[in-house]
Amino acid sequence: MALISIGGLVLLIVSTPTMSKTLRLSLASHLIAGLVVGRLLLAAWFYRFKYSLQTRFDWAIDFGLTGFVTRYQKNIFEFWLTPGLSFLIVFGLIVIWLFYKRWIRFTFAMVFCLISAYVALFLTVDGLRVFAVVICAPYILILRAAVDQIFLNKRISIA
């Protein structure tokens with residue numbers, strides 16, 4: 001989940017047109033380094049305490065694609081509205097606004113983040129929690145960019 005979330009966040013940062021190139025590279029490298037260090041610390045903790053955890057990927061393979069498809073077909077409408085209608089409306093309005101402001105790469109990165117969150121949702125049974133974890137960090141940057149462009153119309157600063 002963290003990999004998907006950080007991946008989307010890095011893609012958004014790299015495609016933000018109002019950030020300087022050095023700030024983009026610095027933030028992206030810090031996020032990737034944080035992800036790697038966090039994973040190493042988690043692996044060390046697992047090793048130290050002899051903790052064996054079945055990963056979501058292992059669980060998804062064991063569960064099988066037919067199980068996910070069956071669960072999806074059981075309530076298709078609930079699947080697509082999992083984050084909530086208000087979330088999807090706000091997200092869509094931001095996409096339209098930023099596309100209008102010619103933030104083409106950023107809007108495509110936004111759509112990629114949303115698709116990634118839905119893929120994570122499809123491969124789990126605790127959907128809303130997983131969706132929220134995956135989309136939270138990218139969505140905060142998206143909201144910040146939208147507020148800056150709509151109300152302040154200035155460069156994004158991460159300070």
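This is a predicted model: local features need pLDDT of at least 70, side-chain atom pairs count only at pLDDT 80 or more; totals for chains, interfaces and linings use all residues.
Residues are numbered from 1 along each chain as its sequence is written, and side-chain values use heavy atoms, with hydrogens and water left out. The mean pLDDT (the predictor's confidence in each residue, from 0 to 100) of the protein chain is 85, and 92% of its residues reach 70 or more. Among helices (DSSP runs of H or I, at least four residues, numbered from the N terminus), α3 (residues 56–63) has the lowest confidence, with a mean of 70, and α6 (residues 85–100) the highest, at 94.

The structure contains 16 aromatic pairs, in which rings of Phe, Tyr and Trp (its six-membered ring) have centres within 6.5 Å; planes under 30 degrees apart count as stacked, over 60 as edge-to-face and the rest as tilted. The ring centres of Phe79 and Tyr118 lie 5.6 Å apart with planes at 50 degrees, so this pair is tilted. Because Phe79 belongs to helix α5 (residues 76–80) and Tyr118 to helix α7 (residues 104–122), the pair ties together parts 39 residues apart in sequence. Phe79 is buried (under 20% relative accessible area, with a 1.4 Å probe and protein chains only; exposed is over 50%, partly exposed in between), at 10%, and Tyr118 is also buried, at 9%. The rings of Trp103 and Phe106, with centres 5.2 Å apart and planes at 85 degrees, are therefore edge-to-face; both residues are buried.

One aromatic cluster is formed by Tyr72, Phe79, Trp80, Phe87, Phe91, Tyr118, Phe122, Phe131 and Tyr139.

How values were computed:
Helices (H or I, at least four residues) and strands (E, at least two) are DSSP runs, numbered from the N terminus.
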